[in-house]
Amino acid sequence: MRFAKRFRRWRHSRGFGIHSPYAFRFVCEVLNPPRKYGFYAYEQLDALRRQLRVRTISKQRLRMLFRVIVELRPATVAIVAEAETAALLKRVVAMAAPKAEIVDGRADLLICDSLRVCPDAANAIFLNPANGAVDAFSSRQYGHLYRNPDITIYVGHKHLPRQTFEVKF
């Protein structure tokens with residue numbers, strides 16, 4: 001069973017078996033871009049991570065978070081994390097979505113380090129999700145949930161059917 005789940009996650013991470021055009025593009029271009037894919041802000045992100053001395057988020061994970069924020073283009077963002085991580089995430093949001101406002105309440109995008117809060121956002125990124133992320137969004141009638149053991153991303157666009165993808169990213 002464990003091998004089958006790992007194989008499915010690997011397969012989906014390359015787009016195989018994903019029939020939704022939005023999900024296919026999101027997985028292949030945002031979560032897992034081609035190897036030699038150079039994004040315009042990678043050097044700035046790496047320098048920012050070194051400057052703030054944050055070790056809780058890896059370089060690859062930070063780059064992926066940046067691409068997700070650019071893709072979702074939120075107007076408002078709520079960040080619930082430890083002080084060190086929150087400071088880094090606020091700077092990343094400012095780089096990825098300069099017009100986005102960071103708020104404490106309801107937001108277009110919620111970034112949190114655990115499921116300590118009730119997800120009331122249109123989109124959400126859970127950095128340490130455990131298994132509660134799926135339960136938290138089970139009442140939603142729409143949206144895609146992209147999961148792996150380390151991070152869960154919920155894209156809650158109303159035009160997307162409710163689907164869950166086990167993806168390696």
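Tutor: The discussion below sets computed values against their definitions.

Tutor: The model is predicted, so local features need pLDDT of at least 70 and side-chain atom pairs count only at pLDDT 80 or more, while totals for chains, interfaces and linings use all residues. Residues are numbered from 1 along each chain as its sequence is written, and side-chain values use heavy atoms, with hydrogens and water left out.

Student: How many helices and strands does the chain have, and what makes a stretch count as one?

Tutor: The chain has six helices and seven strands. Helices are DSSP runs of H or I with at least four residues, strands are runs of E with at least two, and both are numbered from the N terminus. Along the sequence the pattern reads α-α-α-α-β-α-β-β-β-α-β-β-β.

Student: Why is leucine 72 called buried?

Tutor: Buried means under 20% relative accessible area, exposed over 50%, and partly exposed in between (1.4 Å probe, protein chains only). Leucine 72 has 9% relative accessibility and therefore counts as buried. Leucine 72 is found in helix H4. Of the 169 residues of the chain, 50% count as buried.

Student: Which residues does leucine 72 touch?

Tutor: Contact means heavy atoms within 4.5 Å. Not counting residues up to four places away in sequence, leucine 72 touches Tyr22, Leu109, Asn123, Val155 and His157. Leucine 72 and leucine 109 are 37 residues apart along the chain, and their C-alpha atoms are separated by 8.2 Å.

Student: Why is glutamine 51 called exposed?

Tutor: The relative accessible area of glutamine 51 is 51%, so the residue is exposed. Glutamine 51 is found in helix H3.

Student: What makes the phi of arginine 53 and of arginine 73 worth noting?

Tutor: Most residues other than glycine have a negative phi. Arginine 53 has a positive phi of about 55° although it is not a glycine, and arginine 73 has a positive phi of about 45°, again without being a glycine. Arginine 53 is in the loop between H3 and H4, and arginine 73 is in the loop between H4 and S1. Arginine 53 counts as exposed because its relative accessibility is 63%; arginine 73 counts as exposed because its value is 67%.

Student: Why is H4 called oblique to H5?

Tutor: H4 and H5 pack at an angle of about 45°, with their axes 9 Å apart. Angles under 35 degrees count as roughly parallel, over 145 as roughly antiparallel, 65 to 115 as roughly perpendicular and the rest as oblique. H4 is therefore oblique to H5. The contact is made by Leu62, Leu65, Phe66, Ile69 and Val70 of H4 and by Leu88, Leu89, Val92, Val93, Met95 and Ala96 of H5.

Student: What makes a set of residues a nonpolar core, and which members of the largest one touch the most others?

Tutor: A nonpolar core is a set of buried Ala, Val, Leu, Ile, Met, Phe, Trp, Tyr and Cys residues joined through side-chain atoms within 4.5 Å. The largest such core has 44 residues, of which Phe26, Leu31, Val68, Ile111, Ile125, Tyr146 and Ile153 touch the most other members. H4 gives the largest share of this core, seven residues. Apart from it lies another core of 10 residues, among them Ala78, Val103, Cys112 and Phe126.

Conventions. Axes are lines fitted to C-alpha atoms, for helices over the stretch in contact, and angles run from 0 to 180 degrees between N-to-C directions.
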